[in-house]
Amino acid sequence: MSSLIIASCVILCCSFSSSFRLEKLGALKWDKVVHGNQTWRLITCIWLHAGVIHLLANMLSLIFIGIRLEQQFGFSTLSVPFCSGSVLSSLFIQRSISVGASGALFGLLGAMLSELLTNWTIYTNKAAALITLTVIIVINLAVRILPHVDNFAHIGGFLTGFLLGFVLLLRPQFGWVGRKHLPASARVTSKHKAYQYLFLVIAMVLLIVGFTMGLVMLFRGENGHDHCSWCHYLSCVPTSKWHCGN
């Protein structure tokens with residue numbers, strides 16, 4: 001059985017719909033993290049869900065999105081994006097709890113995009129693959145601009161997964177893979193392209209700076225909306241059918 005399916009079963013055992021119960025079990029809540037020294041909530045909130053529909057949607061997405069990447073790179077590599085998204089969510093969602101693995105799932109989508117870009121030379125039908133994946137990502141982000149949906153966790157997860165993909169999902173070039181068929185005296189192609197190393201360095205710098213700034217702002221008790229007056233539209237767009245409130 002795929003370890004992704006096992007992870008989904010673990011999520012199933014930890015799903016509760018009561019807000020009070022979710023908070024007790026480790027849901028993400030800003031004041032608990034900042035003033036209650038409960039940093040562990042940044043991790044535990046991923047394993048909790050706000051109902052059966054929320055749970056099933058994440059389980060199915062986890063299986064369909066993650067299986068290809070798991071087969072190629074292993075579950076241990078893909079487990080890193082599962083811890084993403086919570087910091088950005090805490091900076092912008094401070095008056096309610098947040099739960100779910102959606103940020104981690106968007107991390108996998110981001111990793112798929114960066115994996116395609118950093119391993120660009122070994123893919124066929126490059127343009128079709130890039131367009132298809134981009135459309136899927138845009139649609140998934142767009143449909144989540146609804147009330148009571150924590151799109152900041154999705155965006156944070158996507159950005160983290162996107163950058164981590166450049167670091168963790170490098171694949172050797174075909175010329176290097178086929179070196180075993182060459183005589184010992186033959187010139188061997190380098191394992192990775194120069195642009196792959198460049199992407200890796202830039203991504204590492206952005207990850208370190210981004211997480212450091214995010215954590216510093218979080219534990220200083222800052223509100224992300226104070227630094228970005230339009231960012232609330234990323235999580236909810238008011239219409240005649242609903243209002244976003246706080």
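Which residue does a disulfide join to Cys228? The partner is Cys231, with the two sulfur atoms 1.9 Å apart, and a pair of cysteine sulfur atoms is counted as a disulfide when they lie within 2.5 Å. The structure holds 1 disulfide, and because the torsion about its S-S bond is about 80°, the disulfide between Cys228 and Cys231 is right-handed.

The model is a predicted one, in which local features need pLDDT of at least 70 and side-chain atom pairs count only at pLDDT 80 or more, while totals for chains, interfaces and linings use all residues. Residues are numbered from 1 along each chain as its sequence is written, and side-chain values use heavy atoms, with hydrogens and water left out.

The UniProt record, in an unreviewed entry, places the feature "transmembrane region" at residues 46-66, 99-120, 127-146, 152-170 and 197-219; such annotations may be inferred rather than shown by experiment. In the model, the chain over residues 46-66 is 71% helix and 0% strand, with its end C-alpha atoms 16 Å apart, whereas over residues 152-170 it is 89% helix and 0% strand, with the end C-alpha atoms 27 Å apart. Helices here are DSSP runs (H or I, at least four residues), as are strands (E, at least two), and they are numbered from the N terminus.

Two packed helices are described by the angle between their axes and the distance between the axes. Axes are lines fitted to C-alpha atoms, for helices over the stretch in contact, and angles run from 0 to 180 degrees between N-to-C directions. The axes of helix α8 (residues 102-118) and helix α9 (residues 126-142) come within 11 Å and cross at roughly 160°. That makes α8 roughly antiparallel to α9, a term used for angles over 145 degrees. Contact means heavy atoms within 4.5 Å, and among the residues of α8 that meet α9 are Phe106 and Leu109, while Ala129 and Asn140 are among those on the α9 side. The residues of this contact divide into 12 nonpolar, 1 polar and no charged.

A second pair is formed by helix α10 (residues 151-168) and helix α12 (residues 194-219), whose axes come within 8 Å and cross at roughly 140°.

Note on methods. Angles under 35 degrees count as roughly parallel, over 145 as roughly antiparallel, 65 to 115 as roughly perpendicular and the rest as oblique. Ala, Val, Leu, Ile, Met, Phe, Trp, Tyr, Cys and Pro count as nonpolar, Asp, Glu, Lys and Arg as charged, and the others, Gly among them, as polar.
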